[in-house]
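Here's a friendly walk through one protein chain, for anyone meeting it for the first time. Have a look at the sequence and the structure, then read on.

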Amino acid sequence: MTSLSERLSGPSGTTIFEVMSGLARDLGAVNLGQGFPDMDEPEELIAAARRALGAHSNQYPPMRGLPELRGAIAGYYGREQGLSIDPAEIVVTSGATEALAASLLALVRPGDEVILVQPLYDAYLPLVQWAGGTARFVSLKPPHWTLPLDELAAAIGPGTRGIVLNTPNNPTGTMLTRAELEAVGALAEAHDLWVVCDEVWEGMVFDDTHHVSPLSIPALTQRTVKIGSAGKIFSMTGWKIGWAIAAPALASAIAGKHQFLTFTTATPLQWAVAEALALPPDWHAAHRARYAQAKARLVGGLTRAGFAVLPASGTWFVTVDLAASGLPTDDAVLAERLIREAGVASIPVSAFYAAAAETGFLRLCFAKRDATLDLAVERLARSRLTG
Ligand code: PMP
């Protein structure tokens, strides 16, 4: 019989984000590792949450989420992405993480094969495994981090049931195009696959690029779960209000899992997010513009200091190409050197791989105040000079 300690030691180790943030705190490093903003938080949301605490019940909301929030989510996607979503297709969850968990628990049966695209967000693989599935990996191709459609097609076998996509992608900041999603749609139709698409970064898209959701691809509309997060749309990562959107039968299956994962999600924050989603498109554009400015500041500073920053259209992240920057290409070793010697925390992109990792790239988060970004660039520039 296995001991309790053996049974407890599963895939539950501390994530790289926590390790790097812990080191950054201990060493007094500038933290461009973990993805959280240190800018002013949107006061409209804080005021709305305060009002909600006094004006509405603080008891359990409906299991699938407040009707007002589900209506606001549908309205937001209609305005921002031209999607026509019925609130009955939405399940509100405790962050996108829970939406991913409920969706994968609803979709994956023991023995199913699921295709995951690397570099991948850390929750996907353990969730597929907890549901009893096994993963097959396909990797984006640097330096443009494009999806190799031929490799994706080749990875589909008789046991494959689904694909997990992430656009805009964390950590690379790149996005899937309509043409790529149409090609995925053709494969999904041909092999009867579902798609879970993690779109939490959809609100943080720059340079006139437009986010395309698989829900807008006819071949995928009925077989896709779209995952979103207010934490990312409004830069309030601690609020943990997320959602899954899918055709009615699928949405009901996801709600069936949500019921026993968390059941419901903080009522006042649901009210506040409902109010905030209804803010006019100009508000959302101004919110995005603040991050576009931060991105330009970090990319400009790094480029002037001799770092090769790869193009990225969305998220709060950019990746640095180490070889093209004239730096050693073991990203984990370099990240540790940078935090200890230069005083800047980053995340090695290899941490986002489960197999055959790319090791030549570092992820940096630009969602920071000007002073934080300037200090990081100054330290990184100096580290190169004395390196
Ligand atoms: N998916 C991706 C790609 C993410 O980057 C994150 C947060 N960093 C999440 C999901 C989790 O979102 P939430 O905080 O809403 O659970």
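Let's start with a sheet. Strands β9, β10, β13 and β12, in that order, make up an open sheet of four with antiparallel pairing. Strands and helices here are DSSP runs numbered from the N terminus (E, at least two residues, for strands; H or I, at least four, for helices), and two strands pair if DSSP finds at least two bridges between them. At the edges stand β9 (308–309) and β12 (347–348), each with a single partner strand, so one side of each has no neighbour in the sheet. Helix α12 (residues 281–304) packs on this sheet and touches β9, β10 and β13 (361–365); its direction makes about 10 degrees with that of β10. Touching, or contact, means heavy atoms within 4.5 Å. Angles run from 0 to 180 degrees between N-to-C directions, and axes are lines fitted to C-alpha atoms, for helices over the stretch in contact.

What joins β9 to β10 (residues 317–321)? Two bridges do, and the strands run antiparallel. Within this pair, Ala308 stands opposite Asp321 in β10.

A word on where this comes from: the model is predicted, with local features needing pLDDT of at least 70 and side-chain atom pairs counting only at pLDDT 80 or more, while totals for chains, interfaces and linings use all residues. Residues are numbered from 1 along each chain as its sequence is written, and side-chain values use heavy atoms, leaving out hydrogens and water.

**The seven-stranded sheet**

Another open sheet has seven strands in the order β2-β8-β7-β6-β5-β3-β4, and its pairing is mixed. Here β2 (90–93) and β4 (134–139) are the edge strands, each with a single partner, so one side of each is left without a neighbour in the sheet. From one strand to the next, the twist averages 20 degrees. Inside the sheet, β5 (residues 160–166) and β6 (residues 194–198) pair in the parallel sense over five bridges. Gly162 stands opposite Trp194 in β6. Helix α10 (residues 248–261) packs on the sheet too, touching β2, β7 (224–229) and β8 (242–245), and its direction makes about 20 degrees with that of β2.

**Helices meeting helices**

Two packed helices are described by the angle between their axes and the distance between the axes.

| Helix pair | Axes come within | Crossing angle |
|---|---|---|
| α3 (residues 43–55) and α11 (residues 267–277) | 8 Å | roughly 135 degrees |
| α4 (residues 67–81) and α11 | 8 Å | roughly 25 degrees |
| α2 (residues 16–27) and α13 (residues 331–342) | 10 Å | roughly 25 degrees |

How do we name these angles? Under 35 degrees counts as roughly parallel, over 145 as roughly antiparallel, 65 to 115 as roughly perpendicular and the rest as oblique.

By that rule, α3 and α11 are oblique to each other, and α3 passes α11 in a right-handed crossing. A crossing is right-handed if the near helix is turned clockwise from the far one by less than a right angle, and left-handed if anticlockwise. On the α3 side the contact includes Leu45, Ala48 and Ala49, and on the α11 side it includes Pro268, Leu269 and Trp271. Sorted by class, the residues of this contact are 10 nonpolar, no polar and two charged. For these classes, Ala, Val, Leu, Ile, Met, Phe, Trp, Tyr, Cys and Pro are nonpolar, Asp, Glu, Lys and Arg are charged, and the others, Gly among them, are polar.

Next, α4 is roughly parallel to α11, and their crossing is left-handed. Glu68, Leu69, Ala72, Ile73, Tyr76 and Arg79 in α4 meet Gln270, Trp271, Val273, Ala274 and Leu277 in α11. That contact has eight nonpolar, one polar and two charged residues.

As for α2 and α13, they are roughly parallel to each other. Met20, Leu23, Ala24 and Leu27 of α2 make the contact with Ala335, Ile339 and Arg340 of α13. Six of these residues are nonpolar, none polar and one charged.

**Backbone details**

One runs from Pro142 to Pro143, with omega near 5 degrees, and Pro143 lies in the loop between β4 and α7 (149–155). Another runs from Thr167 to Pro168, with omega near -10 degrees; Pro168 is in the loop between β5 and α8 (178–191). In the loop between β6 and β7 you'll find Asp207, whose phi is near 60 degrees, a positive value in a residue other than glycine.

**The whole chain**

Altogether the chain has 14 helices and 13 strands. Its C-alpha trace spans about 60 × 55 × 50 Å along the principal axes.
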